[in-house]
Amino acid sequence: MLVLIVVASLLSAAGVWFTASLTGGRASVPSSTALVLRLDADLGEVEGSGLFDRFVEGPPTVRALVAAIGRAKTDSRVKGLVLEPVGAAPFWARSQEIRDAILDFRKSGKKTIAFLEYGGEQEYFLATACEKVTLLPSSVLDLKGLATYEVFLRGAFDKIGVTPDFIHIGDYKTAINAYTQRTFTPAHREMAESLNHDTFDQLVQAIAVARKKTPETIRALFDEGPFIAEDALAAGLVDALVYRDEVEEKMGLGDEDTTDFADYVRALSPSFSFSSRPKIAVIYAVGTIASGEGPSGDVAGSDTLVEYINQAADDRSVKAIVLRVDSPGGSSIASDVIWRALMLAREEKPLIVSMGDLAASGGYYIAMPGHVIVAQPGTLTGSIGIYTGKFAIGGTLEKLGASMEAVSEGKMAQMDSPARPFTAAERAKIEEQVQAFYEQFVTKVAEARKSTPEKIDAVAQGRVWTGRQAKKIGLVDELGGLNRAIAIARERAKIAVGADVELVIYPPRASLFDALSHPLGQTEESSSLRSALALFAPADRRVMRQVLAPMRLLGRREPLALMPFVFTR
């Protein structure tokens with residue numbers, strides 16, 4: 001055992017050295033510099049765990065990016081920030097978190113300038129965090145409003161003979177509508193319009209404050225868009241039309257050296273420390289919630305998360321736990337297993353929940369144990385509801401000239417038959433199961449939020465809310481990002497103001513041994529699925545995985561606590 005420990009240590013040390021040699025070691029920062037942040041949509045919550053992830057510089061995580069902006073605020077070497085937003089993410093909360101960090105950076109009095117090669121709604125939203133916004137002279141400011149798109153597949157299923165047979169609780173539990181409907185139901189449309197309206201209102205309010213205009217003026221300008229560059233300048237939406245090489249000079253940054261933000265993040269990489277600083281555990285629950293091990297791909301495995309939760313709860317040096325949730329939900333069973341571990345952990349130390357882009361359905365279920373729940377205004381949360389079902393392919397087989405027969409013992413043995421829909425008796429049994437879990441879900445939310453089941457049921461029914469709406473109806477406590485959640489954790493743990501705190505991150509960065517054991521990173525996705533997803537832009541792969549999640553989870557026909565697919569542009 002001792003020999004194995006020594007060998008593992010040497011391998012890890014060799015891995016650190018090799019990584020440093022490949023990346024050129026820690027980057028140096030000039031004594032007077034402007035940071036250049038080229039911000040694309042491919043920002044993750046957690047670092048990759050594959051072998052090559054250790055040696056290749058990927059995009060920083062949201063946490064690392066926000067932390068580095070915070071450090072730059074007080075770094076005397078940094079004189080300003082040039083922001084280049086490129087590409088839009090499918091959701092809004094991460095963009096809000098980064099925008100908040102840039103607004104906080106501006107309090108230092110340092111210059112902030114945004115340069116847009118192209119300005120869609122989300123790119124412009126980020127750009128308006130800066131003091132000045134510039135646009136490429138030949139480009140457009142593509143502001144025209146927000147639209148939400150949802151795909152309905154029932155017509156296609158009918159053509160190929162597939163019968164989607166699902167049971168759900170709540171008029172707003174619309175995740176199954178993509179398979180069972182040809183268009184919006186009244187409740188589905190009401191919810192979609194509400195989410196789109198509130199997100200657009202948040203966008204309008206933010207731009208109005210940044211550009212010193214009234215919300216009414218901004219709404220009117222949206223109706224006039226999109227804008228060619230000259231019209232955007234005339235409308236006061238941008239401050240100058242420039243090419244990229246002119247930004248620093250024309251906007252008054254002088255002759256400052258520029259530093260790529262990725263290099264700045266690497267320069268701030270923490271060194272090894274054996275100090276006895278108080279610790280706060282930050283546990284990431286990212287992706288579709290499922291039973292078993294994970295994180296792997298975009299799956300939050302209950303076994304692995306429970307292990308992390310127990311480690312943090314048992315570690316006496318950890319004074320508080322922050323659970324970072326970015327999940328549309330998934331398995332109701334796995335969600336309940338994680339919930340129980342969190343309920344036990346909160347008895348040992350403060351538990352604060354930070355919601356990312358998504359914390360809905362099962363994602364909200366695992367957020368319930370938090371002493372305080374923090375969400376961004378644009379977070380999609382709630383979706384307190386449940387569904388289950390199957391796809392019956394007997395009609396498809398018939399169209400192909402094939403058939404399926406079965407032999408069985410037991411009245412309900414063929415309940416999960418892929419050839420036919422549920423019988424009346426089978427459906428009654430499933431409805432009983434689904435109703436029981438929904439009532440349990442609502443009761444637990446009522447206890448967690450100090451409310452009543454009746455009041456929670458009124459805002460549940462599977463309905464998705466923005467974080468801003470959720471705060472108004474009492475499903476979350478505060479609006480803010482991960483930093484706000486960590487600050488609350490410090491307060492709850494009674495850590496002295498100004499005291500240095502060490503963040504213990506779960507999942508931890510993979511050791512060299514782990515990386516060699518899983519050279520491409522742990523994943524439960526098939527090679528064919530990975531190949532198909534590779535055709536999509538990085539930000540849109542998250543959306544496609546969310547759409548496909550029910551297909552992966554319906555194997556055991558367990559009740560699913562999964563939010564509907566919502567994609568806003």
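Residues are numbered from 1 along each chain as its sequence is written. In this predicted model, local features need pLDDT of at least 70, side-chain atom pairs count only at pLDDT 80 or more, and totals for chains, interfaces and linings use all residues, while side-chain values use heavy atoms, without hydrogens and water.

Biologist: Which helix gives the most to the lining of the second largest pocket?

Modeller: Helices are DSSP runs of H or I with at least four residues, strands runs of E with at least two, numbered from the N terminus. Both α3 (93-106) and α7 (186-211) supply at least two lining residues. With five residues, the largest contribution is that of α3.

Biologist: In which loop is the proline that a cis peptide bond joins to Tyr506?

Modeller: The bond joins Tyr506 and Pro507, with omega about 5 degrees. Pro507 lies in the loop between β22 (502-506) and α20 (512-517).

Biologist: Is Lys212, with its positive phi, buried or exposed?

Modeller: Lys212 is not a glycine, yet its phi is about 55 degrees. Buried means under 20% relative accessible area, exposed over 50%, and partly exposed in between (1.4 Å probe, protein chains only). Because its relative accessibility is 74%, Lys212 counts as exposed.
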